[in-house]
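This briefing goes through one protein chain and its ligand surroundings, moving from the overall fold to particular sites. Please keep the sequence and the structure in view while reading.

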Amino acid sequence: MKRVRLLVFNAALGVLDYRVPEGMTIEFGSIVVAPLGPRQVLGIVWEPERLSGKEVPESKLRPLLEVMPAPPIPERLRRLIEWTADYYCAPLSSVARMALGSMAALRGGGTTTEYRLTGTEPARLTPQRAAALDALQHEQGSIRELAELASVSEGVLRGMVGAGLLEPVVVDLDRPYPAARPAFAVPQLNDEQRAAADIFVGAVTERKFAPFLLDGVTGSGKTECYFEGVAEAIREGRQVLVLLPEIALTENFLRRFEHRFGVQPVLWHSSLKSSERRRAWRAVVLGSAQVVVGARSALFLPYANLGLIVVDEAHEISFKQDDGVRYNARDVAVMRAKFEKVPVVLASATPALESMQLAEAGVYRKIDLVGRYGGAQLPDIQILDLRSEVPERGRWLAPRLVEAMKDRLAKGEQSLLFLNRRGYAPLTLCRHCGFRFQCPNCTAWLVEHRFSKRLACHHCGHEVPVPEACPECGTGDCLVACGPGVERIADEVAEILPEARTALVTSDTMNTPEAIGDFVAMAEGRAIDIIIGTQLVTKGYHFPELTLVGVVDADLGLEGGDLRAAERTYQQVAQVAGRAGRGAKPGEVLIQTRHPAASVIQALANGDRDAFYAAETEARRDAGAPPFGRWAAIIISSEDQAEALSAARAIGGTAPNLPDMLVLGPAPAPLSLLRGRHRFRLLINARRSAELQKTLREWLDPLEFPRGVRVNIDIDPYSFV
Ligand SMILES: Nc1ncnc2c1ncn2[C@@H]1O[C@H](COP(=O)(O)OP(=O)(O)OP(=O)(O)O)[C@@H](O)[C@H]1O
Ligand SMILES: [Zn+2]
């Protein structure tokens, strides 16, 4: 190659052409450094015919500076990057960036110095050093990482190095991961599991694209089944990617993986330390990372030799990324499997309607696990009508639920209360003047958090201490909390059952792997009687002594901007119900609702999943909603409201008039102010036949807006706030 076209990681720069200097070996996908004015840019060598750019005459081309010592981005991944950018109307460079680790990872090799405690504990310590000693047990990292972990300054830690309390350790940055052992602890599968596992093993061996929907009831052992596929891939020296919806679930997964394969898998997520990140990336691209577990971002890594993809809890909405590149990792995972020519398993007890539909259409092969493992029965589900079974004044748990909890406590069994709302109360107001605490940056009430004694916005993170007096009328001691959050339910439980040992499980309390690990160990060790949690506890966990699940407010999910509210409610309640009675003792589920006749509540009570899917399918078909029609959202935002509005009007005013596409809006978004930006939106409902993305591009590309205006396209949106 004499001249190359680069994809650089800054959409504003467009496509750049360069000359390849004598002696430099380049192929498509090579990651290179090129000069740009006085600066340098990183780019990927791309097929020139696939990137449109200005033709630059030969004589004006500047030479590339360097090829990075990393394998080229494989063609199959380049095609996936293009597909994703095209489908989600996102800049190619933003998608491509997700394939790269850090600059350090690209260079690879070498060593670094990390620090760890020496074990020396002097008799007298400054409070800061004492705190650092506590926080850094079993930790190792750079001074900066350790300072962050221990919440002390780097100076304090350097002082500790000088005093011999911390010691340097030289670390090989590319040291290999220990090998997973497919035969480490092979489970005895039951017949149903065996049949499913054999199919996955066969598919891995075949090395062809094959999408599976593993539809197994809660507690059926889906993990054990797809682990056999993982084992086969490892035996064949191929890599596996397991996507989990959120990091909170990883801890649980890691333990189970280690149990089965004798080592931990390779982790990939946004809060990895920089040395871990570069080590993992190198192992991924060189093919030595056998099994990579991660959240969405692990999807675009340049695996050398992928053999299987698993998307666990595939119905989870958090696979949809709602900022930056707005892609759905579940769907892109299937595309990736297609480009890689490997099987992909979507596992869930409550598959998305879209996935069910694809299975029905024969696109996915559906594999069912209809029974719980080990003879456990599915729980008995009862509806608790809050209009007739009224909780005591100022309380949220109805008498029947309280009785059931008392009963479990007496028997030494565990209960779980689920309410998908963090904090103490969703709204705080002044009893005297009616003042409500609102976020200055968002259209949202501030949520009281009693433990941290703060009022917080759940959208932008804005926080203020709870004031003594009303900021509006100055009256003291006049603030009232309206409605319950999990913290308030925890208070109520402490009042009703003071002897119960409780655990509060939310993203506020379970924010480190250690915290999650401790919680799981305590719940398994029966050191917790009652778990109170948000959606974080609805899935993945297996506590055999847990026999009662109370859904505090089943109607909550039906409010708000979720485009698939009924489905989401069904999934959340079915998942949390699935935590009950997973061991020898039968489970019971009580669902508190004010709408006992709603079809989703009825379906849950009757355990009639098919009825729910059938009703929801018809409703979607009537509305032209996915999977029968398509949605897209355009969100226009600016810090200047007038500017946002005029941009929104300009977009609305040029909307194409097509028979297979309906454009609604522009209208102020329900969250009309978010992180200080004013927001307007349009919703597009298109027939399946419509060329949605092409139309959107042709419509929006020619329009020009002031610099402060952002226009985001969301294809297949989930949330519509
Ligand atoms: N064949 C088996 N041998 C031993 N233990 C098993 C087997 N199958 C399942 N189990 C155990 O049963 C429990 C439930 O399995 P698992 O968590 O995989 O179910 P699941 O289908 O993923 O459930 P959910 O969707 O509710 O999370 C786990 O503790 C698992 O280790
Ligand atoms: Zn806010």
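Predicted model: local features only at pLDDT ≥ 70, side-chain atom pairs only at ≥ 80, totals over all residues.

Two residues are taken to be in contact if their C-beta atoms, placed from the backbone, lie within 7 Å. With that cut-off, and leaving out residues up to four places away in sequence, Cys460 touches Cys439, Asn441, Cys442 and Arg675.

**Overall fold**
- The chain contains 20 helices and 29 strands, and its radius of gyration of 27 Å is close to the 27 Å that the globule rule gives for 721 residues, so the chain is as compact as a globular protein of that length.
- Along its principal axes, the C-alpha trace of the chain spans about 85 × 75 × 65 Å, and buried residues account for 43% of the 721 residues.
- Of the contacts between residues at least 6 apart in sequence, 74% join residues that are at least 24 apart.

- An unreviewed UniProt entry lists Cys439, Cys442, Cys457 and Cys460 under "binding site"; they span 22 residues in sequence, yet no two of their C-alpha atoms are more than 8.6 Å apart, so they gather at one spot.
- Cys457 is found in the loop between strand E19 (454-456) and strand E20 (463-465), and Cys460 is found in the loop between E19 and E20 as well.
- Cys457 is buried, with 21 other C-beta atoms within 10 Å, whereas Cys460 is partly exposed, with 17 other C-beta atoms within 10 Å.
- Not counting residues up to four places away in sequence, Cys457 touches Cys439, Asn441, Cys442, Ala444, Leu446 and His462.

**Surroundings of ligand 1**
- Ligand 1 is surrounded by 19 residues, of which the closest are Thr218, Gly221, Lys222, Thr223 and Tyr373.
- This shell divides into 4 nonpolar, 12 polar and 3 charged residues, and its largest share, 3 residues, comes from helix H8 (residues 222-235).
- At least three residues of the shell around ligand 1 come from each of domain 3 (191-373) and domain 4 (376-421 + 484-621).

- UniProt, in an unreviewed entry, places the feature "domain: Helicase ATP-binding" at residues 203-369; over residues 203-369 the chain is 38% helix and 22% strand, and the end C-alpha atoms are 18 Å apart.
- In helix H14 (residues 486-496), the buried residues include Val486, Glu487, Arg488, Ile489, Ala490, Glu492 and Val493.
- The cover over the buried residues of H14 includes strand E16 (414-418), strand E18 (447-449), strand E21 (479-482), strand E22 (502-505) and strand E23 (530-533).

Technical notes
Residues numbered from 1 in each chain as written. Chains lettered and ligands numbered in written order. Helix = DSSP H or I, 4+ residues; strand = E, 2+ residues; numbered from the N terminus. Rg over C-alpha atoms; globule rule 2.2 N^0.38 Å. Buried ≥ 20, exposed ≤ 12 C-beta atoms within 10 Å, placed from the backbone. UniProt positions renumbered as here; feature names shortened; annotations may be inferred. Near = placed C-beta within 6 Å. Nonpolar A, V, L, I, M, F, W, Y, C, P; charged D, E, K, R; others polar. Domains from an automatic or database assignment.
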